[in-house]
Amino acid sequence: MNLMLKRVMELNVHQKNFSETLLTRIIETEPAMKRLIERLLVKNKPVFAEKKLDLHGEFSKEGNDPFTPDYSSSVWMGVSEENGELIDLHTIKIWECHRSFLGMTTSKKIPGSTISGELLDETVEDIESELREYMSDFLESNDPEHPK
């Protein structure tokens, strides 16, 4: 099974740079990415079904306040066999806020620890292209009629 967290362009943001503009960007990007996943699933599920595969995808969010540690949001697409066994997973992080101390992530509020976040620094169109390429590459590399 190939589980993949796609390394895309990210913008590292220190807590002192958390702003209303950043919050707006996060709040606007999350539903746009959710709609993208839904649209891609509707269009591509039948193509995967023809190959006896199931295409899945979802927007995922943990936490309520984007500027508190342990908040994260992402989208993922995965492929499973008809029996439900996951074959491949592709995850793209939208925003993640965390606390760190001496460069290591920590859940404890240690004196000297800092809060920062990582924001997806690509457009929805860029992510759509990436996910289309992911699906195309997956179908191509798993086509028994056209082995590589």
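Biologist: Which element has the lowest mean pLDDT, and which the highest?

Modeller: Strand E1 (residues 2-5) is lowest, at 42, and helix H1 (residues 20-50) is highest, at 96. pLDDT is the predictor's confidence in each residue, from 0 to 100. Helices (H or I, at least four residues) and strands (E, at least two) are DSSP runs, numbered from the N terminus.

Biologist: What about residues 1-7?

Modeller: Their pLDDT is below 50. The stretch has 17 contacts beyond near neighbours in sequence, a contact being heavy atoms within 4.5 Å. Where pLDDT is low, the predicted coordinates should not be read in detail.

Biologist: And the ground rules?

Modeller: This is a predicted model, so local features need pLDDT of at least 70 and side-chain atom pairs 80 or more, while totals for chains, interfaces and linings use all residues. Residues are numbered from 1 along each chain as its sequence is written, and side-chain values use heavy atoms, without hydrogens or water.

Biologist: New topic. Which residues of H2 are buried?

Modeller: Ile 127, Glu 128, Glu 130, Leu 131, Tyr 134, Met 135, Phe 138 and Leu 139. Buried means under 20% relative accessible area, exposed over 50%, partly exposed in between (1.4 Å probe, protein chains only).

Biologist: How are they arranged around the axis of H2?

Modeller: They fall within an arc of 165 degrees, so they line one face of the helix. The arc is taken from the directions from the helix axis to the C-beta atoms.

Biologist: What do they pack against?

Modeller: H1, plus strands E3 (53-62), E4 (72-81), E5 (86-101) and E7 (114-120).

Biologist: Now Trp 95. Buried or exposed?

Modeller: Trp 95 is buried, with a relative accessible area of 0%. It lies in strand E5. Among the residues Trp 95 touches are Phe 18, Phe 67 and Leu 119.

Biologist: How many aromatic pairs turn up in the whole structure?

Modeller: Four. Rings of Phe, Tyr and Trp (its six-membered ring) pair if their centres lie within 6.5 Å; planes under 30 degrees apart count as stacked, over 60 as edge-to-face and the rest as tilted. Phe 18 and Phe 67 have ring centres 4.5 Å apart and planes at 20 degrees, so that pair is stacked.

Biologist: Where do Phe 18 and Phe 67 lie?

Modeller: Phe 18 is in the loop between strand E2 (10-14) and H1, and Phe 67 in the loop between E3 and E4. The pair therefore ties together parts 49 residues apart in sequence.

Biologist: Which cluster do ring pairs build?

Modeller: They link Phe 18, Phe 67 and Trp 95.

Notes:
Lists of a residue's contacts leave out its neighbours within four places in sequence.
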